[in-house]
Amino acid sequence: MAASALLNIMIRAAHKAGRSLTRDFGEVENLQVSRKGPADFVSNADRKAEEIVHDELLKARPTYSFLMEESGEIKGTDGQHRWIIDPLDGTTNFLHSIPLFACAIALERNGEVIASVIYNPIMDETFTAEKGRGAWLNERKRLRVGGRRKLSECVGATGINSRNTAGTTREIRQLAHILPSLAGIRRTGSASTDLAWLAAGRFDLYWEAELAPWDIAPGLVLVREAGGFVSDFSGKADNIQDGEVVAGNEAIHHAILKRLKAVRDRTH
Ligand code: IPD
Ligand code: CA
Ligand code: CA
C-alpha cells in the first residue's frame with residue numbers, strides 16, 4: 001500500500017538521519033581502540049541525527065510539536081500533532097560497534113499514536129505503520145505478528161536495566177519466572193527494534209519496564225497494525241507515559257501479563 005504524504009515525510013527524515021548514523025558508525029569502529037573510546041563522538045552522532053530528523057519534519061510541517069530524546073519538548077502552534085523521536089535507539093550497541101540500532105519516529109494526533117517509522121540503516125530495514133493501513137517492511141512486505149500459541153515454542157525479547165538495582169532485581173525475577181516457559185529469550189538493546197521485530201513475527205513476545213515515551217510510541221502502532229496486542233503491565237493500552245510494555249499476539253500477550261502479575265503478587 002502506498003504510504004501517505006505524512007508517512008513519506010517520516011521515512012525521508014529517518015533515512016536521512018540513518019545515512020548520517022551509518023557514516024558515524026564506520027568512524028566508531030576506528031575509535032574503539034583509543035583509550036577514551038568513542039563516547040563523545042557517539043553523543044555527537046546522536047545529536048546530529050536528531051537535528052536532521054527535527055529539521056526535515058519541521059520543514060514539512062512547521063506547526064507540529066516535538067518530543068525528542070535529546071532536546072526534549074518543543075511546542076508548536078498546532079495543538080493536535082506531535083512528533084516523538086528517538087534519533088538513535090540502541091546507543092550502547094552503537095557505542096560498542098554492534099550493528100543493531102534504529103532511528104525511530106512516531107506521530108501523535110490528539111494524544112494517539114497514528115503513524116511510525118523504525119529504520120535500521122545497517123540492515124536497511126524500514127518498518128512503517130499507519131493506523132488502519134497496516135504495518136510494512138520496506139513498503140513491500142505486509143507484517144503480521146507470529147501466530148504461535150504455546151509459550152514453549154516462543155522466542156521472546158526483554159530488556160535488563162543496568163541503571164538501578166531495584167529495577168534490575170525486579171527484571172531478573174520476571175526473567176526467572178518467564179524464561180523457563182519459553183523456547184528462548186533475546187536482548188537486542190533497542191526497544192523500538194524489539195517491537196518492530198515482534199510486528200514482523202521474529203519475536204513472539206516482548207516485555208520491558210522503565211522505558212521512555214520515544215522507546216514505546218513508534219512500536220505501538222506498528223505492533224497493533226500487525227495484529228498484535230500492546231499494553232502496560234496492568235493491561236492498559238495506549239500508555240506511553242509509564243515506561244512499561246508487554247506485547248505479543250492476543251494469547252501470548254495475555255499469558256505474559258498473567259506471569260508478570262504473578263511475579264508482582266509474589267513480591268508484594
Ligand atoms: C535504550 C534501548 C534499550 C532499552 C533502554 C533504552 P537508547 O534506548 O531502547 O533497549 O533497554 O531502556 O533506554 O538509550 O539506546 O536510546
Ligand atoms: Ca531509546
Ligand atoms: Ca536514543
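**Note on the domain interface of a predicted model**

1. On the domain 1 side, six strands each supply at least two residues that touch domain 2: strand 1 (65–68), strand 3 (81–89), strand 4 (102–109), strand 5 (112–120), strand 6 (125–130) and strand 7 (135–137). By class, that side has 18 nonpolar, 6 polar and 10 charged residues. Ala, Val, Leu, Ile, Met, Phe, Trp, Tyr, Cys and Pro count as nonpolar, Asp, Glu, Lys and Arg as charged, and the others, Gly among them, as polar.

2. Basis. This is a predicted model: local features need pLDDT of at least 70, side-chain atom pairs count only at pLDDT 80 or more, and totals for chains, interfaces and linings use all residues. Side-chain values use heavy atoms, leaving out hydrogens and water, and residues are numbered from 1 along each chain as its sequence is written.

3. Domains. Domain 1 covers 5–142 and domain 2 covers 151–266; the bounds come from an automatic or database domain assignment. Their centres, taken over C-alpha atoms, are 22 Å apart.

4. Interface area. In domain 1, 34 residues are in contact (heavy atoms within 4.5 Å) with 23 residues of domain 2. The two domains bury about 2,000 Å² between them, 66% of it on carbon and sulfur atoms. Asp 89, Ile 118 and Phe 127 supply 24% of the area that domain 1 buries against domain 2, more than any other three residues. Buried area is the accessible area (1.4 Å probe) that two parts lose on being put together, summed over both.

5. Salt bridges. The rule asks for a side-chain nitrogen of Lys or Arg within 4 Å of a carboxyl oxygen of Asp or Glu. The whole structure has 15. The interface of domain 1 and domain 2 has 1. Glu 125 pairs with Arg 202 in a salt bridge, with the closest N and O atoms 2.7 Å apart.

6. A helix pair. Lys 48 and Asp 24 form a salt bridge at 3.0 Å, N to O. Lys 48 lies in helix 2 (residues 39–60) and Asp 24 in helix 1 (residues 5–31), so the pair ties together parts 24 residues apart in sequence.

Note on methods
Chains are lettered from A and ligands numbered from 1 in the order in which they are written. Helices (H or I, at least four residues) and strands (E, at least two) are DSSP runs, numbered from the N terminus.
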